[in-house]
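Please open the model in your viewer and keep the sequence panel beside it. The tour below moves from one selection to the next and says what is to be found at each stop.

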Amino acid sequence: MRTTQRDLLVTTAERLFAEHLAGEKLLTNRSIWRTFPTVRCGSWRHENVVLLGDSAHTAHFSIGSGTKLAMEDAIALADAVLSSARAAGCTTSLDLSSFEVVNASRAWLFGQFRRGIDIVFANEDEIRALFEDNSSPFDTLTRRLAGHGVLAAVKVGKDGAWIGQGEKLHRVEPRRVAEVVDTNGAGDAWAAGFLFAHLSGWPLPACGELASLMGAETVSHLGPIIPASHWPELHAVARALDPKTARG
Ligand SMILES: Cc1cc2nc3c(=O)[nH]c(=O)nc-3n(C[C@H](O)[C@H](O)[C@H](O)COP(=O)(O)OP(=O)(O)OC[C@H]3O[C@@H](n4cnc5c(N)ncnc54)[C@H](O)[C@@H]3O)c2cc1C
């Protein structure tokens, strides 16, 4: 039988701790042997508060696996939220968040697309991670994402964005800013602008323009919060973009 590195580690540790083990075998951290009490209750939520991770269950830190359990809880929560939203007829959107999140949950994401997601937001790193493709241009990748039946909104930083829906593809021109001060929160502001416009029934190019405006605004100052004094100008631009008020 082949001796693995793990076997070697265990036998070495058994030799090292032979005196304390007093002839017993060393139990490895496969967690199969654990016998934690199981606590059950009718519901792990109250109104809009949900318990997950360490707040729902803890194990002795020598066992580990708390991160894994917390991740499994988070996945179950995301599944439940999306299923409830679909059942209620809500528009659903997913932001791919980071290339690391995509790498860790690619199969889950494609599963969600199959079950029905209306809008997917991605940046350059995230869409490359999603398709494990480091060379195709972003318009091709946007089409590919749209091919999964979602409205694809792909941000390409200072180069603007691509929006794909079915066979349609729109280029969102970048909005230049005098100085990029802090990019913190820009992606979320972009998505917020896009969602506002989309849910207001604006055509896709106008959704992209408002999203771009919000992103450009957010990178122009420190921190993600838009100063109150900037809103009147933002509202004025938004009114000009709004197809309902722009016509009148
Ligand atoms: C020393 C040690 C070693 C560990 N090693 C491992 C390991 O090897 N493998 C493993 O899988 N797990 C390990 N764990 C367990 C693992 O870290 C936890 O199970 C896991 O982080 C739980 O995730 P969580 O999101 O539930 O909680 P946390 O990661 O603790 O997140 C809770 C967050 O909420 C924030 N917070 C708390 N109260 C407030 C408040 N009032 N307002 C705003 N924010 C608040 C906290 O600052 C924190 O950021 C270890 C834990 C410890 C302590």
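## Helix pairs and a sheet

Begin with α5 and α6, whose crossing is left-handed (a crossing is left-handed if the near helix is turned anticlockwise from the far one by less than a right angle, and right-handed if clockwise). Helices here are DSSP runs of H or I with at least four residues, strands are runs of E with at least two, and both are numbered from the N terminus. This is a predicted model, in which local features need pLDDT of at least 70 and side-chain atom pairs count only at pLDDT 80 or more, while totals for chains, interfaces and linings use all residues. Residues are numbered from 1 along each chain as its sequence is written.

Select α6 as residues 138–146: its axis and that of α5 come within 11 Å and cross at roughly 60°, where axes are lines fitted to C-alpha atoms, for helices over the stretch in contact, and angles run from 0 to 180 degrees between N-to-C directions. That makes α5 oblique to α6 (under 35 degrees counts as roughly parallel, over 145 as roughly antiparallel, 65 to 115 as roughly perpendicular and the rest as oblique). Now show the side chains of E124, I127 and F131 in α5, which meet F138, L141, R144 and L145 in α6; two residues are in contact if their C-beta atoms, placed from the backbone, lie within 7 Å. The residues of this contact divide into 5 nonpolar, no polar and 2 charged, with Ala, Val, Leu, Ile, Met, Phe, Trp, Tyr, Cys and Pro counted as nonpolar, Asp, Glu, Lys and Arg as charged, and the others, Gly among them, as polar.

The crossing in which α4 passes α5 is right-handed, and its contact is made by F99, V102, N103, R106 and L109 of α4 together with D125, E126, A129 and L130 of α5.

## The sheet

Turn now to the open sheet of 5 strands, which has the order β3-β4-β5-β6-β7 with mixed pairing (two strands pair if DSSP finds at least two bridges between them). Colour β3 (93–95) and β7 (168–172), which stand at the edges with a single partner strand each, so one side of each is left without a neighbour in the sheet. From one strand to the next, the twist averages 15°.

Zoom in on β6 (residues 161–165), which pairs with β7 in the antiparallel sense over 5 bridges. Here A161 stands opposite V172 in β7, and W162 stands opposite R171 in β7. The hairpin of these strands has 2 residues between them, and G166 takes a positive phi near 55° there.

To see their contact, display A206, E209, L210, L213 and E217 in α8, which meet L234, V237, A238 and L241 in α9.
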